[in-house]
Structures are given as C-alpha cells and as structure tokens.
Amino acid sequence: MKFKHVAALALILTLCSSAFAASGKFYRFKGRLYRVFEHNLTWYDAKIRCEEMGGHLATITSRAENNFIVSICQNRRFYWLGGFRLNDGYGWAWVTGEPFRYTNWSPGEPNDADYGEPYLQITNYHTGRWGWNDHNDNFWPSRSLYGFICEWDDDSSRTLSNAEETVNYYYGR
C-alpha cells in the first residue's frame, strides 16, 4: 500500500515538473537559437526570464522568420513575443531595438482593446491561423493557454550546450 502512494506521488511530481519545463528543444534559424516555453507568465515576467537566461523574447523581422516561428509553436494558443507598444500609443518596438518594420497582424489588430493592450503575442485564437495580436498582461483570468518564445544570438559566446545549461539552471531539468 505504501509503495502505491510513493509511486503515485512520484508520478504527480514528474507531471508537475514537466508542466513547467521548456519544450526541450532548441531551434536554429539564420544564426539564432529559439526555444518555446510552455509557462503561464505575464509578458513582463517572460521578458525578464528570457533575459536572465541570456536571451530575449523572440523578435520577428521578416516573413521567413514569422513562418519559422509559426512552425515551432506548440499547442498553446498564445505566445508572448518581444514587441511592445510605444508610449505614444501608436508605434511598436522590439525589446532588442531592431526596426519594427515587418508585421503579421491578425485581421482587426492591433486594436488596443480591453483597457489597453501594450504587448505582442502570436496566436491562432482569432482566425485559426497564426497571426499577431496586441494584448494586455492582465486580461485573461486563466493563463493556461499562454507560453513564450526566447531567442538567443548564436555566436561563439552562446552555443547550444551553454544555452541548454542556462535553461536547465532556471528550470531545474
């Protein structure tokens, strides 16, 4: 009887720890590394977590990169990206300072609805196809459909193995 309880507890702990793990795979695209995280964080918390790991929330500067990001999106409906609305309320910027020229807004977006939507996410919620949406950190009561995508420069200082080591440090894998 005692063994069953220990086995059940071990199974529960395994499931809980995997629920907070990254997708487990790094992806390379044009000299950069990306990783999808299935964590229910606010945009700001996701931004900080990517920076703590030596990267940043993913930025998308071309159609090819957008198509790549779509190809790595998992089963969540919303993934935070590294875009945010400027204080003027009209323009957008990337957390990296890259030019915000390419866009892939879903129809009717950005609409700054729901008491202001200053953050960028990629979603398939509205139309069934992946597009961009402006969103508020505090809008949804349940974040069970949220995740985020981190990006790293893939240079000699950021190899796949030390990126993996950094992620493991933060997520205990």
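This note goes through a predicted model, point by point.

1. The disulfide. A disulfide is a covalent bond between the sulfur atoms of two cysteines. The structure holds 1 disulfide. Its partners are Cys50 and Cys150, with sulfur atoms 1.9 Å apart. The two cysteines come from distant parts of the chain: Cys50 belongs to helix α2 (residues 43-52) and Cys150 to strand β8 (residues 146-153), 100 residues apart. The angle about the S-S bond is -85°, and the link of Cys50 and Cys150 is left-handed.

2. Where the cysteines sit. Are Cys50 and Cys150 buried or exposed? Cys50 has a relative accessible area of 0% and is buried. Cys150 is buried as well, at 0% relative accessibility. Cys73 is another buried cysteine, with a relative accessible area of 11%.

3. The buried side of helix α2. Cys50 is one of the buried residues of α2, which are Trp43, Ala46, Lys47 and Cys50. They lie on the same side of α2, because they cover an arc of only 100° around the axis. What do these residues pack against? Their partners are β3 (56-57), β4, β6 and β8. Just after α2, Gly54 has a positive phi of about 90°.

4. Salt bridges within α2. The structure has 6 salt bridges. One of them joins Lys47 and Glu51, with the closest N and O atoms 2.8 Å apart. Both residues are in helix α2, and they are separated by about one helical turn because they are 4 residues apart. Lys47 has a relative accessible area of 19%, so it counts as buried, under the 20% cut-off. Glu51, at 35% relative accessibility, is partly exposed.

5. A second bridge in the helix. The side chains of Glu52 and Arg49 also meet in a salt bridge, at 3.2 Å from N to O. These two are 3 residues apart in helix α2, so about one helical turn separates them. Glu52 is partly exposed, with a relative accessible area of 38%, and Arg49 is partly exposed, with 23%.

6. A bridge between distant parts of the chain. Arg85 and Asp112 form a salt bridge through their side chains, at 3.6 Å from N to O. Arg85 is in strand β4 and Asp112 is in the loop between β5 and β6, so the pair links distant parts of the chain, 27 residues apart. Arg85 is buried at 12% relative accessibility, whereas Asp112 is partly exposed at 35%.

7. Asp134. Which strand holds Asp134? Asp134 lies in strand β7. Its relative accessibility is 0%, so it counts as buried. The side chain of Asp134 makes a polar contact of 2.6 Å with the side chain of Arg85. The side chain of Asp134 also reaches the backbone nitrogen of Asn111, at 3.2 Å. Leaving out residues up to four places away in sequence, Asp134 touches several residues, including Trp92, Trp105, Glu109, Pro110 and Tyr119. Asp112, the salt-bridge partner of Arg85, is also among the residues that Asp134 touches.

8. Aromatic pairs. A pair of aromatic rings is described by the distance of the centres and the angle of the planes. How many aromatic pairs does the structure hold? There are 18. One of them, formed by Phe78 and Tyr125, is tilted, with 5.4 Å centre to centre and 45° between the planes. Phe78 is in strand β4 (residues 78-85) and Tyr125 is in the loop between β6 (119-123) and β7 (131-135), 47 residues apart. Phe78 is buried, at 3% relative accessibility, while Tyr125 is partly exposed, at 38%.

9. An edge-to-face pair. Trp94 and Trp132 form an edge-to-face aromatic pair, with 5.8 Å centre to centre and 85° between the planes. Trp94 lies in strand β5 (residues 92-94) and Trp132 in strand β7, so the pair ties together parts that are 38 residues apart in sequence. Trp94 is buried, with a relative accessible area of 3%. Trp132 is buried too, at 0% relative accessibility.

10. The aromatic cluster. Trp43, Phe78, Trp80, Phe84, Tyr119, Tyr125 and Tyr146 form one aromatic cluster. Trp43 is also one of the buried residues of α2. Tyr119, another member of the cluster, is touched by Asp134.

Key. Residues numbered from 1 in each chain as written. Predicted model: local features only at pLDDT ≥ 70, side-chain atom pairs only at ≥ 80, totals over all residues. Heavy atoms only, no water. Disulfide = S-S within 2.5 Å. Buried < 20%, exposed > 50% of the residue type's maximum accessible area, 1.4 Å probe, protein only. Phe/Tyr/Trp six-rings, centres within 6.5 Å; stacked < 30°, edge-to-face > 60°. Arc of directions from axis to C-beta. Contact = heavy atoms within 4.5 Å. Polar contact = N/O pair within 3.5 Å; in protein donor to acceptor, adjacent residues only side chain to side chain. Salt bridge = Lys/Arg side-chain N within 4 Å of Asp/Glu carboxyl O.
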